[in-house]
Amino acid sequence: MRLLWVFFRIGALGELAYRANFFMQLLESAIELGTALGGLAVVFSYTTTLGGWLPDEVAALVGVFFLVGGAIRLIVQPSMEQLLESVREGTLDFTLTKPEDSQVLVSIQRVEIWKLTDFVLGIAVIAVALTRLGARLGFWEIAGFAGALIAGGIIVYSFWVILASLSFWFVRVENILVIFQSIYEAGRWPVTLYPRWLRIGLTFLVPVAFATTVPAQALAGRLSWQTLAGAFALAVLLFFVARLVWKVGTRRYSGASA
Amino acid sequence: MTGIQDVYRQQFKTTLASFIQYRASIFIWTIDRILEPLIYLVVWSAVARATGGRVGGFDASQFAGYFIVMMLVTQVTYTWVMYEYEYKIRHGSLSFALLRPIHPIHTDLVDNISSKLITLPLMLVAAFVLVVLFKPAFSPPVWAAALFVPALLLAFAVKFVVEWTLALSAFWTTRVSAVNQGYFVAALFLSGQMAPLSLLPHSLQVAASLLPFRWMISFPVELILGRLSPAQAAAGLAAQGAWLCLGLVMLRAVWRAGVRVYSAVGA
Amino acid sequence: MSQKSNRSDGVFPLPPKRYSCWMESSDAIRVRDLRKSFFVTERESGVGAALASLVRRRREEVTAVAGISFTLKPGEIVGFLGPNGAGKTTTLKTLSGLLHPSAGEVSVLGHTPWKREKSFLRQITLVMGQRNQLVWDIPAGDSFELNRAIYKIPSPDYRNTLGELTDLLDLGPLLRKPVRNLSLGERMKCELAAALLHRPQVVFLDEPTIGLDVTMQRRIRAFIAQYNERFGATVLLTSHYMADVEALCRRVIVIHHGRLLFDGELGALVDRFTAHKTIVIKLEDEGRDLARYGDVISREQGAVTLRVPREETPRVTGRILAELPVIDLTVEDPPIEEVIERVFAGEIS
């Protein structure tokens, strides 16, 4: 935890000098948000519900999308991209010789501080959407939301680690991380809309559903405890799989670069 | 064999060879290109289901047809020069292009076409799969089918010229990503990628027709889906031609100005 | 020297060529009072200044080249010497058309470089030490074919030139390998070959041997000399390595702070800028004190190195030979590096 704070500070201080970047990021995030909400507006000009979801519920989903996306782009994505680079260039050696757990180190090694805007915007959108819904958020809803977010976070993080670790075996695929980023776009809409085969893919193959739709379902008061339990189970499972893949991968890397 | 055809032939061989080395990466990029129209297909089909089957002249199977064709047309007209030029100018690799006795646009054009040749088979397979899964409605009138290829080629030409000119904004600003983003957001809505243009508010439809966006992607799609009358199709082709000429004029002017700026500062 | 005609090929027509009457038709390169300044935005550190810079940019003018003039005749190999930031690369880029000057006149093979006329570009080449024009993932041979098409090299000429370059540079096994698999030295050889396939009449080399090992540096130097002999190309080369200049260039242009300090033969450079010579003496009797003959620079392994004013050298040498038991005596110029360094450091002007 202390380590996380150190890296965070380093990343933040480095970027703080570039105020212009903050405004650029704000602009960029605002445009993205505008695009997402604009799409919503067009769709909902023709219908009042979408697969059982109300407009403001889908808006809340968009908020969750930005929230989780922001958290990913803040730490997970930059660190994993750095990992890919260091595997390619052999500089992972430096990390592996440090006295801290290597997986932890590579996971927090880079922080893009200005992506916090996504995170904040996401929260704002959720807040506004929930107010418009007049939602009464009881203890269980909030707990469900928090739980779903945590489970979703662990699932997504583990997925990224597995994806990035594939670079130990396939060196030539530089844009392997793009797989998640492309498919994550599907998370802007409720996964329940998609045909069955796509829903399964988005739940188990590339776990976007657990990142966005499930927490949003909690907010909309629609989360069944089975889904939540399933999320936690998957989180635990993926976490261990990721750890295993990491360990095997680093062993292979060390063997290969000797 | 001398002349520009020879350059094209050689450049084509080199680019193709390079891209084949990166086929795994290209495969991953292609997934993105398949996913985007797929998501909108599903969403709009859901909207159609929710409103009793039809939305503004489209039912679910027509939406399927629209987005599958949109996927292919978007792929054929796809350009990434805007990202490329920011990189090139920042890393000074544009200097090499400037030292050669041919205009850099030729290389970019060949690059573009050869990558399409690699990705198109995959796209066609994806389209086939989607057709099986979503059973789209598709019955183009014969004359529309005949005009489709010219319309498609013109669309590509317009898009390429416009985006190449915009790419040169990298000569003047380092914040090209902002320019890119603004452009692509506009394109998402106004070129029919997010929804058929006829479903957008009227003001946006007008904007899409006055700007080149409709003529870059939406027009060929509308044409082959049989949603245009012959008169409208003819007008559309004329609009494409007009935008192509305008685009070429601007390209030349902006290129000259850009080289002037670049050669004042260098890299 | 044949000038290619102003054909319009490719997509866009060319602007007309203008002949300047001050240039002799036998000059390959003519530079008159070249000046080049850049505008650099300045910003102080700190949050306040950062915010201020979003609103208003402060620009400062940095002069890279402050009025230099020189002429090169066809077939000359000239070395451009100067420390970093002296203006060498700026000048080279201006001569190849990548930069246009703030003031002054430049003519290369009768053309104004920054007009970038196709007929001009076909007759020159620029090789930059650290940067590649070869396509990374494919064999060098394929990049050569691409250049053949771009420069419209007729097939027989292409085959001949490629053959000669392959011989001179020992390229045989390298042509089939993807460029990314070549070592740094092999890559440089292929870069040079690619740049010379169209037999340009003017060759600009920007730090061509940088980063290479000593053997490869010697090979490249030998190649450049052979190429110049065989094809009569005018070569303008910049380098940090004195060895490059010494080996290749009879004439040297020294540039510092954007100004021309010296233009002439390498030997004359040493003569002009050094006031001293060094005498290395080996004596039978090692303990002798030589301070009265000159400054003792070093004393090692039985050899004493003396520094003596240039004019005094014959007299002092005579005295030493007459008065001391000398085994061996050598009179040397100070190493050129030292001379150049001291020129740049402003100790001599």
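**Close-up views of a three-chain predicted model**

**View 1. The contact between chain B and chain A.** In this contact, 28 residues of chain B meet 29 residues of chain A; two residues are in contact if their C-beta atoms, placed from the backbone, lie within 7 Å. The model is predicted, so local features need pLDDT of at least 70 and side-chain atom pairs count only at pLDDT 80 or more, while totals for chains, interfaces and linings use all residues. Residues are numbered from 1 along each chain as its sequence is written, and chains are lettered from A and ligands numbered from 1 in the order in which they are written. On the side of chain B that touches chain A, the elements giving two or more residues are α2 (23-50) and α8 of chain B. Helices (H or I, at least four residues) and strands (E, at least two) are DSSP runs, numbered from the N terminus. α2(B) gives the largest share of this side, 14 residues. By class, the side has 20 nonpolar, 5 polar and 3 charged residues. Ala, Val, Leu, Ile, Met, Phe, Trp, Tyr, Cys and Pro count as nonpolar, Asp, Glu, Lys and Arg as charged, and the others, Gly among them, as polar.

**View 2. The contact between chain B and chain C.** Here 27 residues come from chain B and 28 residues from chain C. On the side of chain B that touches chain C, at least two residues are supplied by each of α1 (4-21), α5 and α11 (230-265) of chain B. The largest share, 11 residues, belongs to α1(B). By class, this side of chain B has 11 nonpolar, 11 polar and 5 charged residues.

**View 3. Helices α3 and α7 of chain A.** The axes of α3 (residues 55-89) and α7 (residues 139-165) of chain A come within 10 Å and cross at roughly 20°. α3(A) is therefore roughly parallel to α7(A); angles under 35 degrees count as roughly parallel, over 145 as roughly antiparallel, 65 to 115 as roughly perpendicular and the rest as oblique. Axes are lines fitted to C-alpha atoms, for helices over the stretch in contact, and angles run from 0 to 180 degrees between N-to-C directions. Among the residues making the contact are Val68(A), Ile72(A) and Leu83(A) of α3(A), and Gly152(A), Tyr157(A) and Trp160(A) of α7(A). By class, the contact has 11 nonpolar, 2 polar and no charged residues.

**View 4. Helices α2 and α6 of chain A.** The axes of α2 (residues 19-44) and α6 (residues 116-133) of chain A come within 9 Å and cross at roughly 40°, which means that α2(A) is oblique to α6(A). Gln25(A), Leu26(A), Ser29(A) and Leu33(A) of α2(A) make the contact with Thr117(A), Asp118(A), Leu121(A) and Val125(A) of α6(A). By class, this contact has 4 nonpolar, 3 polar and 1 charged residues.

**View 5. The buried face of helix α4 in chain B.** In α4 (residues 81-90) of chain B, the buried residues are Val81(B), Met82(B), Tyr85(B), Glu86(B), Lys88(B) and Ile89(B). A residue is buried if 20 or more other C-beta atoms lie within 10 Å of its own, exposed if 12 or fewer, and partly exposed in between; C-beta atoms are placed from the backbone. Seen down the axis of α4(B), the buried residues fall within an arc of 165°, so they line one face of the helix. The arc is that of the directions from the helix axis to the C-beta atoms. These buried residues pack against α5 (94-99), α6 (104-134), α7 (142-167) and α8 (176-190) of chain B. Just after α4(B), Gly92(B) takes a positive phi of about 70°.

**View 6. Two arginines in loops of chain C.** Most residues other than glycine have a negative phi. Arg116(C), in the loop between β4 (103-108) and α3 (118-121) of chain C, has a positive phi near 50°. Arg116(C) is buried because 21 other C-beta atoms lie within 10 Å. Arg199(C), in the loop between α6 (184-196) and β6 (202-206) of chain C, has a positive phi of about 45°. Arg199(C) counts as buried because 22 C-beta neighbours lie inside 10 Å.

**View 7. Glu60 in a strand of chain C.** Glu60(C) is found in strand β2 (residues 58-72) of chain C. With 10 other C-beta atoms within 10 Å, Glu60(C) is exposed. Glu60(C) and Val31(C) are 29 residues apart in sequence and 26 Å apart in space, C-alpha to C-alpha.
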